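Trainee: I would like to learn how to read a structure feature by feature. Could you take me through one slowly?

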Amino acid sequence: MTTLQIYALVWLAFVFGLSLWQHINLGLIMIPASFLLALFTGLPLKELYAAFPAKLVLLVLGVMYLWNHVQESGFAGIIVKKAVALARGRVYLLPWIIHVLAALICAVGALPAAAFAITVPVALEIAKRERISPTMMGIILIQGSCVGGFTLFNPWGNLVAEQAAHAGIPIDPTWLFLSQGVVAIAVAVVAFFVFGGMELIRRPAQQRRAGEEGQEATGPLTPYQICSFIGMILFIVLALLKYDVGLTAFTIGMVLQIAFRIKSKAALSKLPWGIAIMIAGVLIYVGLLEKLGVLRVIGDYLAGMEDPSLVRFSVAIVGTILANFESSSIAVLGLVIPVAVKSMAGSTAVLANSISLGVLSACLVVMCASPFHIGGALILSEAEDYDKTFRHLLWWVLALTLVMPFLTFLL
């Protein structure tokens, strides 16, 4: 590793620590930090601009723009009441209903980012109304997407299967799916109890807001509510058909704004600009690290190890750290899985191969709850107490980063 590459990593650690110490939006401080890094290393500034994650920024802003229409029309309240009614007053079931919904959306082929965009606003609205921790609701939702992400209909599962086939490593897709799913569900269960699940289970019936069922409006839907509902369904269908999520949401939202003459100033003020800046700043810096070859050097070093268990343990550590900041889990899988597969060369144990790759994949994708990932960012954009939720998500993914790699070492 060159001196410049080491400097880039040290500078990253310093800036991250300064952000936490001074309570500065990490993306906001990462932008000038990236600028200084580019100047110091001699990288042209066009590389900095090329790393700007325009697609993801538009996704976060677009989804929230459309969801704001659903909230303003009052249709969000109707959705929440229907979801609560489905749980029959048992509030502790609500996170698991969302978990299953997210898993089903991904199981049929939707990228998890699309599942996040579809389900997070509804889930966090339910959490807000039913006094459920937004951190718990968000993490359980994300783990549902992780479970569904490893069917053969989803790019995540296909990527792992193709990498194994390319290297001549026999695996069983069913065992790959089950092993990854068991880990994701176990992480969701732990999050449920860590963030207040017992309180939900013990909550007396009279405190579960079941009495609100009788207060549900029985009048006809307003035109704004009807159009918001149609817009939301259209958005879900187009997202599942692989249309660009952010641009689709912006287009439908703008049609609603024009049709119902919503003031632009009010619409703009409700967008999560802080989240967008955080995503942009972090990914700009990660992009510069890629241009400097830092990630490639780390991957080459790990691939050169001789002990297969140590290789998987090491790539799990690097992968979980990278997955905290890289918003595209399929990109992280694409970097880590090939290295892990090389360490398994010559192995003919189908079951062992499938479980090892499934657990390693799970270690990477469960990090989608990171506040710097698109999943965590969407949770933060809907959370009422931003600072508290940010801290909870940060400590959660730090704990996962320390614990999850040991699963791969044990296997």
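**Reading a model step by step**

Mentor: We can begin with A51, which is found in the loop between α3 (45–50) and α4; helices (H or I, at least four residues) and strands (E, at least two) are DSSP runs, numbered from the N terminus. This is a predicted model, in which local features need pLDDT of at least 70 and side-chain atom pairs count only at pLDDT 80 or more, while totals for chains, interfaces and linings use all residues. Residues are numbered from 1 along each chain as its sequence is written, and side-chain values use heavy atoms, with hydrogens and water left out.

Trainee: Is A51 buried or exposed?

Mentor: Buried means under 20% relative accessible area, exposed over 50%, and partly exposed in between (1.4 Å probe, protein chains only). A51 counts as buried because its relative accessibility is 17%.

Trainee: Which residues does A51 touch?

Mentor: Contact means heavy atoms within 4.5 Å. Not counting residues up to four places away in sequence, A51 touches L283, I284 and G287.

Trainee: Where is T248, and what does its side chain meet?

Mentor: T248 lies in helix α13 (residues 245–260), and it is buried, with a relative accessible area of 11%. A polar atom of the T248 side chain lies 2.5 Å from the backbone oxygen of D244. Leaving out residues up to four places away in sequence, T248 touches F235, L238 and Y243.

Trainee: How do I look for empty space?

Mentor: Rolling a probe the size of a water molecule over the atoms shows where empty space is left. On a 1 Å grid over the protein atoms alone, a cavity is a set of points where a 1.4 Å probe fits but cannot get out, and lining residues have an atom within 4 Å of a point. Grid points are joined across faces, edges and corners, and a volume is the space filled by probe spheres set on the points. A search of the whole structure finds 1 cavity of 30 Å³ or more, and the largest cavity has a volume of about 90 Å³.

Trainee: Which residues line the largest cavity?

Mentor: Its lining includes W67, P121 and F235, and the elements that give two or more residues to this lining are α4 (54–73), α7 (112–129) and α12 (223–240).

Trainee: How many residues of α19 are buried?

Mentor: Helix α19 (residues 350–365) has 16 residues, and 12 of its 16 residues are buried, among them N353, G358 and C363.

Note on methods. Polar contact = N/O pair within 3.5 Å; in protein donor to acceptor, adjacent residues only side chain to side chain. 1 Å grid on protein atoms, 1.4 Å probe; cavity = no way out; pocket = protein on both sides within 12 Å on 5 of 7 lines; lining within 4 Å. Expected span 1.5 Å × (residues − 1).
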